[in-house]
Amino acid sequence: MSNDLTERTVGEASPPSSNHFVAPLEETPLVAIDVVKVAEKPSNLWIDAWRDARRRPIFWISGALILLVCVVALFPWLFTNVPPNNDCQLINSNGGPTSGHILGFTKQGCDVYSRIINGTSTSLAVGIIVIVLTTFLGIIFGAFAGFYGGATDAFLSRIGDIFFSIPYILAAVVIMSVLVNYRSVWTISLAIGLFAWPATARVLRAEILRVKNSDFVMASEALGVSSLRILLRHVLPNSIAPVIAITTISLAAAIVAEATLSFLGVGLGSSIMSWGNDINQAQRDLRTNPQTLIYPSLALSITVFAFILMGEVIRDALDPKARALR
Amino acid sequence: MAGYILRRLLQAIPVFFGTTFLIYFMVFAMPGDPILALFGDKTPSPALVAQLRAQYHLDQPFIVQYFIYIGGIFQGNFGMSYSGQPVSEILLRTFPVTLRLAVLALFFETVFGILVGLISGLRKGKLFDGSSLVVSLILISLPIFVIAFVAQYVFGVQLGWARTTVGPGAPIQDLILPALVLASISFAQIVRLTRSSVIETSSLDFVRTAYGKGLSRNRIVPVHILRNSLIPVVTYLATDFGVLLVGATVTEGIFNVPGVGNTLYQAIIRSEGPTVVSFVTVMVLLYLVVNLIVDLLYGLLDPRIRYVK
């Protein structure tokens, strides 16, 4: 800015005869320093993130996969007409692919493809319930601990430490072992979510500690805004990005956790269609009929992969520092 | 330093009581009578029920029961397994095997992870970097039991390079495949962490100074870049210990490694509740101790940590 103006001042505005080198105000034309497009909506973190994400092919690939998983979960009948559980005939036990049953049969003579399609909603439901729970608990604990600090922080953070110190799959193993008679999508999600939230709380707390020293927070304080309102209206919306960034990856982790628990036999009841259950059932036939194990594993891995990829894209898009690493 | 150690130890106390209380609470506040459950469909005589209740202190208030249990832990009494063996005895037998497996896995994941991460970081955006990113994302997406089964099927059943199950005494050569499987979970994370850390360190002023002084790349990369990039990796390894414990449970179960994880795995699939709880408690305590030790070491290695409140 200064270069531009001085040149103008020296070169054009002041005649050679005059002695003053500071341009008189009325002689200096007001020059636009930066072109501000008033017509355009002001950019913010979320718009920037969307602009960044949509340029990346893996965003569209993982997005399409996630969409497919959601459609399969919501409308399984679009993909198969074979009932997953009620059409099992032992004559087909461990049978290979036939027409209408493209992936063959399980040991019980059930259609592998149909079981995979019908198990999708279980995985997705557990993933979604868990992240709703962990985000909710994580925001409450992380926000109050970070914003109020002091004794509140010490108390809430110690509670978080306690839950964080029990690896959440081990905790869920204990809970689900105890809840033998109450195994459902809800209880397993609760068991996972109850011990997975401290990670979210820690991320949010760290971000709030950073944001709460900003000038706009001080400005709100000076204006006499109540502290709860500052937290909800100003601090939280400006610190939520890292939480959103880890949500998709947490969803993938929750799906894996459910499958691991079901694989261990403490997950969902055998009447509920779940990839983990199918993998658990198929492991005894690894030598003779590996495809009954491979296909559900593949469905599980591809779903998790889609969410992990999406999580990467979202994290990169929301974190300018991560962009530099690409 | 003394202040830091004291503060860290004081912080560990509520966490120790909190975690054990939480596990104890989860088990004993749940619906159902544990004594009646022992008998299944049969109805025991009231005298026997009363005797068992007294034996397991179930006639005491909940909080008293908890402190009796904690007192037992301090005396090395982690309870009895389903088959009537003391848990501490089983631990003594199985722990060396798990330790061997864990050390082997840690060796694989750190050596390969740091190496691949370093090369990726130094050649950011090149072919090697791109492929290592894809491979690590795929590895992150594969649940441990899927990796274990694929490895068992391909290397054990199809190729016959390794035994599908570990033989008695768990010799090292049998443990290589399970250790590689166990290492694969954290390998990808270590690669990514090392990579970003190397990229960050490479752009710092002291590295530029080192190049400016005319030091050779062979000296700058290991001494200036790598050493300063490893701090986040070391921290990660400590927090990752929990993942290693869960991973060991699944891996040891699948490969039949006679370790602590396998004992837990067997107890889970046979739904032997009390044994499961004892072993989970042991693992959680182990996790707490390891994290405490690493935190203290970390304070020793990096002076900045000590002053962070």
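Colleague: How much of chain B counts as buried?

Modeller: Of its 309 residues, 34% do. Keep in mind that this is a predicted model.

Colleague: Which residues does Leu318(A) touch?

Modeller: Setting aside neighbours within four places in sequence, Leu318(A) is in contact with Leu45(A), Ala49(A), Ala241(A), Ile244(A) and Ala245(A).

Colleague: Why is Asn256(B) called partly exposed?

Modeller: Asn256(B) has 18 other C-beta atoms within 10 Å. Buried needs 20 or more and exposed needs 12 or fewer, so 18 falls in between. Asn256(B) is in the loop that runs between α12 (241-255) and α13 (260-269) of chain B.

Colleague: What is the phi of Asn256(B)?

Modeller: Positive, about 55°, although Asn256(B) isn't a glycine. Most residues other than glycine have a negative phi.

Colleague: Where in helix α10 of chain B are the buried residues? How do you know whether they share a side?

Modeller: The helix covers residues 217-229, and Ile225(B), Leu226(B) and Ser229(B) are buried there. They span an arc of only 90° around the axis, so they sit on the same side of α10(B). On the other side, Arg219(B), Val223(B) and Arg227(B) are exposed.

Colleague: What do the buried residues of α10(B) pack against?

Modeller: Against α5 (87-122), α8 (172-202) and α9 (205-212) of chain B. Helices are what you'll find in this chain: its secondary structure comes to 15 helices and zero strands.

Colleague: How is chain B divided into domains?

Modeller: Into domain 1 (2-74) and domain 2 (94-301). Over C-alpha atoms, the centres of these two domains of chain B are 34 Å apart. Their contact takes 10 residues from domain 1 of chain B and nine from domain 2 of chain B. On the domain 1 side, those residues divide into seven nonpolar, two polar and one charged.

Colleague: What is in the largest nonpolar core?

Modeller: That core has 145 residues, and those with the most contacts inside it are Leu170(A), Ala172(A), Val173(A), Val174(A), Ala148(B) and Val280(B). Domain 1 (2-74) and domain 2 (94-301) of chain B both give residues to this core, so it lies between them.

Colleague: Which residues does Val280(B) touch?

Modeller: Not counting residues up to four places away in sequence, Val280(B) touches Leu170(A), Val173(A), Val174(A) and Ile23(B). What makes each of these a contact is that the C-beta atoms lie within 7 Å.

Colleague: How many residues are in contact between chain A and chain B?

Modeller: 35 residues of chain A are in contact with 38 residues of chain B. On the chain A side, α5 (150-164), α6 (168-178), α10 (241-264) and α12 (291-318) of chain A each give two or more residues. The most come from α12(A), with eight residues.

Colleague: And how do the residues on that side of chain A divide by type?

Modeller: Into 25 nonpolar, seven polar and three charged.

How values were computed: Residues are numbered from 1 along each chain as its sequence is written. Chains are lettered from A and ligands numbered from 1 in the order in which they are written. This is a predicted model: local features need pLDDT of at least 70, side-chain atom pairs count only at pLDDT 80 or more; totals for chains, interfaces and linings use all residues. A nonpolar core is a set of buried Ala, Val, Leu, Ile, Met, Phe, Trp, Tyr and Cys residues joined through C-beta atoms within 7 Å. Domain bounds come from an automatic or database domain assignment. Two residues are in contact if their C-beta atoms, placed from the backbone, lie within 7 Å. Helices (H or I, at least four residues) and strands (E, at least two) are DSSP runs, numbered from the N terminus. Ala, Val, Leu, Ile, Met, Phe, Trp, Tyr, Cys and Pro count as nonpolar, Asp, Glu, Lys and Arg as charged, and the others, Gly among them, as polar. The arc is that of the directions from the helix axis to the C-beta atoms.
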